Amino acid sequence: MSTTSLDSHTASKFAKLALAHVVRPYPNKLDHVLNGPLDLKEPWDLHPVFFGSFDWHSCVHGYWLLATLLRLFPDIGEAREIEKLFDTQLTSSKIEGEVDYLDQPMRATFERPYGWAWLLMLAAELERHLTERANKWGQALTPLTTAFVDRFVDFLPKATYPTRVGTHFNSSFAIALALEYAEVVHSESLRKVLVRKALDWYGGDVNCQVWEPGGDDFLSPALMEAECMRRVLDATEFSHWLDRFLPRLAEGQPATLFKPAVVSDRRDGKIAHLDGLNLSRAWCWRSIASTLSANDPRRSIVLDAAETHLAASLPHVAGDYMGEHWLATFALLALI
């Protein structure tokens, strides 16, 4: 059964990691279309807020991690530094710079859909805070939040097919995170768009063929789809859907979903993704278990799988920057 949990010591460790990288501009991997020579700029000129953490989306979810830890553990030693960072960075003028970047030609697909979803998760987290200070941060973020909500609403109806990979382009991951935002802010209009597309894409899926892990996966295509549908369906409907989607789950099959991925070189940025796969599987397994009844034979099996995956990669969230700039985020997803 699952026993690993989040405590103040681990929260402090994660906060230290994120504080060290969200304002670290180099090395930097840009998702950047040059419209002309004037677009050759420093990372902080292109992205006044989210210029650190190796890439834009990792910086966004680094802020999500910090905001989440600040709410859950307001007395950790890093709390004042987090607040100071947010006071400096989450300002209307700097967010305007991020929106201006999006508004330029050839940037409609910037960070689609992974970065879009993480920005909405950050907005949702700030919405959960009850302080006047956090409300100010959330209000400053609003124009950027609105921009990505609009992009989801525009894109999903014309997206004929889902993307079923284990990397940033995974459709079910983006829908799952966007659903969390829609629920927190009570946006029924966004939720309807997301639910309609999830049911269209995944509602009829049966007997999933689990061809994973791939060499640079950090998401499980199978489990991420299940986690997405868990958020779309009620508990009874989801249990029946899961029966059809993974019909041998109670037997520990497909076996590959229960065996953590082997990470042979954590200095290799793509191979290091596999630690993220283990952590995100743990998150999905725990989430799936939360909707299964206590007498469902699948429940103990999936909780054990979550613990096994956590044990494989939780000790490795720090050590090399290729994992250090993002892995704590996925560990936090699994632990909260």
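Gly 166 sits in the loop that links α7 (132–155) to α8 (171–184). Helices here are DSSP runs of H or I with at least four residues, numbered from the N terminus. The model is predicted: local features need pLDDT of at least 70, side-chain atom pairs count only at pLDDT 80 or more, and totals for chains, interfaces and linings use all residues. Residues are numbered from 1 along each chain as its sequence is written, and side-chain values use heavy atoms, with hydrogens and water left out. Gly 166 counts as buried because its relative accessibility is 3%. Buried means under 20% relative accessible area, exposed means over 50%, and partly exposed lies in between (1.4 Å probe, protein chains only). Leaving aside residues up to four places away in sequence, Gly 166 touches Asp 217, Phe 218, Leu 219 and Pro 221. Contact means heavy atoms within 4.5 Å. Between Gly 166 and Leu 246 there are 18 Å in space, C-alpha to C-alpha, and 80 residues in sequence.

Arg 231 belongs to helix α10 (residues 221–232). With a relative accessibility of 15%, Arg 231 counts as buried. A polar atom of the Arg 231 side chain lies 3.2 Å from the backbone oxygen of Ala 176. Such a polar contact is a pair of N or O atoms within 3.5 Å; within protein, one must be able to donate a hydrogen and the other to accept it, and residues adjacent in sequence count only if both atoms are side-chain atoms. Ala 176 is also one of the residues that Arg 231 touches, along with Leu 179, Glu 180, Glu 183, Arg 191 and Trp 283, not counting residues up to four places away in sequence.

Helix α4 (residues 79–89) has Ala 79, Ile 82, Glu 83, Leu 85, Phe 86 and Gln 89 buried. These residues lie on the same side of α4, because they cover an arc of only 160° around the axis. The arc is taken from the directions from the helix axis to the C-beta atoms. The cover over the buried residues of α4 includes α1 (8–21), α3 (56–72), α5 (92–102), α6 (114–128) and α7.

A cavity is a set of points where a 1.4 Å probe fits but cannot get out; a pocket is an open set with protein on both sides within 12 Å along at least five of seven lines; lining residues have an atom within 4 Å of a point. Grid points are joined across faces, edges and corners, and a volume is the space filled by probe spheres set on the points.

Two cavities of 30 Å³ or more are found in the whole structure. The largest cavity holds about 80 Å³. It is lined by 15 residues, of which Asn 28, Leu 30, His 47, Phe 50 and Trp 56 are closest to its centre. Its lining has seven nonpolar, four polar and four charged residues. In this scheme Ala, Val, Leu, Ile, Met, Phe, Trp, Tyr, Cys and Pro count as nonpolar, Asp, Glu, Lys and Arg as charged, and the others, Gly among them, as polar.

The second largest cavity holds about 40 Å³. Its lining includes Ala 18, His 21, Ser 58, His 61, Trp 326 and Thr 329. Two or more lining residues come from each of α1, α3 and α15 (327–335). Helix α3 gives the largest share, four residues. By class, the lining of the second largest cavity has five nonpolar, six polar and one charged residues.

The largest pocket contains about 500 Å³ of space. Its lining comprises 24 residues, with Lys 29, Asp 55, His 57, His 168 and Lys 270 nearest the centre. Helix α3 gives the largest share of this lining too, three residues. The classes here are eight nonpolar, nine polar and seven charged.

Backbone geometry was also examined. A cis peptide bond joins Arg 112 to Pro 113, with omega about -5°. Pro 113 lies in the loop between α5 and α6. The bond from Gln 253 to Pro 254 is cis as well, with omega near 0°. Pro 254 is in the loop between α11 (235–245) and α12 (273–290).

Positive phi values occur at Phe 54, near 75°, and at Met 106, near 70°; neither residue is glycine. Phe 54 lies in the loop between α2 (43–46) and α3. At 15% relative accessibility, Phe 54 counts as buried. Met 106 is in the loop between α5 and α6, and at 60% relative accessibility counts as exposed.

Notes: On a 1 Å grid over the protein atoms alone, a cavity is a set of points where a 1.4 Å probe fits but cannot get out, and a pocket is an open set with protein on both sides within 12 Å along at least five of seven lines; lining residues have an atom within 4 Å of a point.
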